[in-house]
Amino acid sequence: MDDIQLFRILGSISRKATTEMNGLVRDLGLDNNLFLYLLRIAENEGLNQVDLSNLLQIDKTTLSRGLKKLEILGYIEKRTDPENKKYKQLFTTIKGNEAAKAVANLESDYVNSSLKELNQADKNKLAKILSNIS
């Protein structure tokens, strides 16, 4: 297998996982990758949009639209950063925290199912390889 084919497989795995997770969270209104935003906010309460954009590796405009949807759905709230008034910190609401827990469980089940054929040594090797690529 050449390098191009290898990268295409990586891309295919990523797209498949994202598509399937979007389907699993659709009833919560968290499709179109909104589940990723919510999970990262729940995992990093108080981070700002710039940090979230860097964490997710997405552009600020796309992120801004997604955050607006999460606000409208009642999953997150923005608060002015007390140290820098130009920044808004992101927090989950009670509803958002509950949804994030549900999504985290779905994600865990999906990951466990997807990696069930790998033993721990294979997972460690894969993690090292993917970290090197990243």
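Biologist: In which loop does Gln 57 lie?
Modeller: The model is a predicted one, in which local features need pLDDT of at least 70 and side-chain atom pairs count only at pLDDT 80 or more, while totals for chains, interfaces and linings use all residues. Residues are numbered from 1 along each chain as its sequence is written, and side-chain values use heavy atoms, with hydrogens and water left out. Helices here are DSSP runs of H or I with at least four residues, numbered from the N terminus, and Gln 57 belongs to the loop between H3 and H4.

Biologist: Is Gln 57 buried or exposed?
Modeller: Phi of Gln 57 is near 60°, which is a positive value in a residue other than glycine. Buried means under 20% relative accessible area, exposed over 50%, and partly exposed in between, with a 1.4 Å probe and protein chains only. Because the relative accessible area of Gln 57 is 66%, this residue counts as exposed.

Biologist: What is the relative accessibility of Asn 32?
Modeller: Asn 32 sits in the loop between H1 and H2, and its phi, near 55°, is a positive value in a residue other than glycine. Asn 32 counts as exposed, because its relative accessibility is 57%.

Biologist: Which residues does Asn 48 touch, not counting those up to four places away in sequence?
Modeller: Asn 48 is found in the loop between H2 and H3, and it is buried, because its relative accessible area is 10%. With contact taken as heavy atoms within 4.5 Å, and with residues up to four places away in sequence not counted, Asn 48 touches Tyr 87, Lys 88, Gln 89 and Leu 90.

Biologist: Which residues is Leu 30 in contact with, leaving aside its neighbours within four places in sequence?
Modeller: Leu 30 is among the residues with the most contacts inside the largest nonpolar core, a group that also holds Ile 41, Leu 52, Leu 67, Leu 70 and Ile 76. Once its neighbours within four places in sequence are set aside, Leu 30 is in contact with Asn 22, Val 25, Phe 35, Leu 38, Leu 70, Tyr 75, Ala 99 and Val 103.

Notes
Core = buried A, V, L, I, M, F, W, Y, C linked by side-chain atoms within 4.5 Å. Helix = DSSP H or I, 4+ residues; strand = E, 2+ residues; numbered from the N terminus.
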